[in-house]
Amino acid sequence: MHGQMYPLGHVGIAMASAIGLFAFLDRHGHEPKATRACNVCRTPGLARPGAKMDRVDFRFVIVGSMIGDMIDKVVGHVVLADTLDNGRLVGHTLLFSLAIVAVGLAIWASGAHDTSTDAWPGGWPDLHVNTIALGLASTAHLALDRMWLYPGTLLWPAMGWSFPAEDFQYGDWLTILATDPIVQAGEVVGGILLIAIALRYGLFRDGAMRRFLATGRLSRAG
Ligand SMILES: [Zn+2]
């Protein structure tokens, strides 16, 4: 009995990991000295060069942390309810997450994210950063789902093309939440992390949450 969705743990732990990663990269990465135009508002001189925390759209992290469930729950429990009824399919494979990361790297290599070239007319600033963030958050979902317990799905299709059939009841979702201490710990930790992030970035202040949902930017400057 598995295959349920526990959003607080997924979103909270992925967000905290991404913030930690980008803060670490900002502190230790090699950054050009020259000041460039801001990636967001295009105003010259305002940007802190390479400050990745300011460049990532954290909505990609939130979606990435849940994208496996968003796809597989609908496909598995609704579309395939009469056959597989399994909420962990292609969206819960390593192949799926790594393919998203690979797309991000391909965008990076193609220069399509670079507004200073005409590789992609008009460019799409930071699409590479955000696509990689999406893929890494999706990878974190697999870890939190303890997918190593289901190697046939995790390593799909290395061990065969089919996914196991399950007998899923919607009540299982609550039963697991009420009885599985790892799931409970994940939800408590995830909830605490989300509150801590909201406090640290001032998201409870007037209009700040709406601004975050509209832009995906977290900044302590505001
Ligand atoms: Zn899942």
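**Notebook: helix packing and backbone exceptions**

I began with burial: buried residues make up 31% of the 222 residues in the protein chain. I took a residue as buried if 20 or more other C-beta atoms lie within 10 Å of its own, as exposed if 12 or fewer do, and as partly exposed in between, with C-beta atoms placed from the backbone. The model is predicted, and local features need pLDDT of at least 70, side-chain atom pairs count only at pLDDT 80 or more, and totals for chains, interfaces and linings use all residues. Residues are numbered from 1 along each chain as its sequence is written.

**Entry: overall fold.** I found nine helices and zero strands in the protein chain. Helices (H or I, at least four residues) and strands (E, at least two) are DSSP runs, numbered from the N terminus. I then looked up contacts, where two residues qualify if their C-beta atoms, placed from the backbone, lie within 7 Å. Among contacts between residues at least 6 apart in sequence, 67% join residues at least 24 apart.

**Entry: helix 1 with helix 8.** The axes of helix 1 and helix 8 (residues 181-200) come within 7 Å and cross at roughly 50°. Axes are lines fitted to C-alpha atoms, for helices over the stretch in contact, and angles run from 0 to 180 degrees between N-to-C directions. Helix 1 and helix 8 are therefore oblique to each other; angles under 35 degrees count as roughly parallel, over 145 as roughly antiparallel, 65 to 115 as roughly perpendicular and the rest as oblique. On the helix 1 side I listed L8, G9, H10, V11, G12, I13, M15, A16 and I19, and on the helix 8 side G186, E187, V189, G190, G191, L193, L194 and I197. The residues of this contact divide into 10 nonpolar, six polar and one charged. Here Ala, Val, Leu, Ile, Met, Phe, Trp, Tyr, Cys and Pro count as nonpolar, Asp, Glu, Lys and Arg as charged, and the others, Gly among them, as polar.

**Entry: helix 1 with helix 3.** These axes come within 9 Å and cross at roughly 140°, and the two helices are therefore oblique to each other. The contact is made by P7, H10, V11, A14, M15 and A18 of helix 1 and F58, V61, I62, G64, S65 and M66 of helix 3. I recorded nine nonpolar, three polar and no charged residues in it.

**Entry: backbone exceptions.** Most residues other than glycine have a negative phi, and most peptide bonds are trans. I found a cis peptide bond between W156 and P157, with omega about 0°. P157 lies in the loop between helix 6 (151-154) and helix 7 (170-179). D85, not a glycine, has a positive phi of about 50°; D85 is in the loop between helix 3 and helix 4 (94-110). D85 counts as partly exposed because it has 16 C-beta neighbours inside 10 Å.
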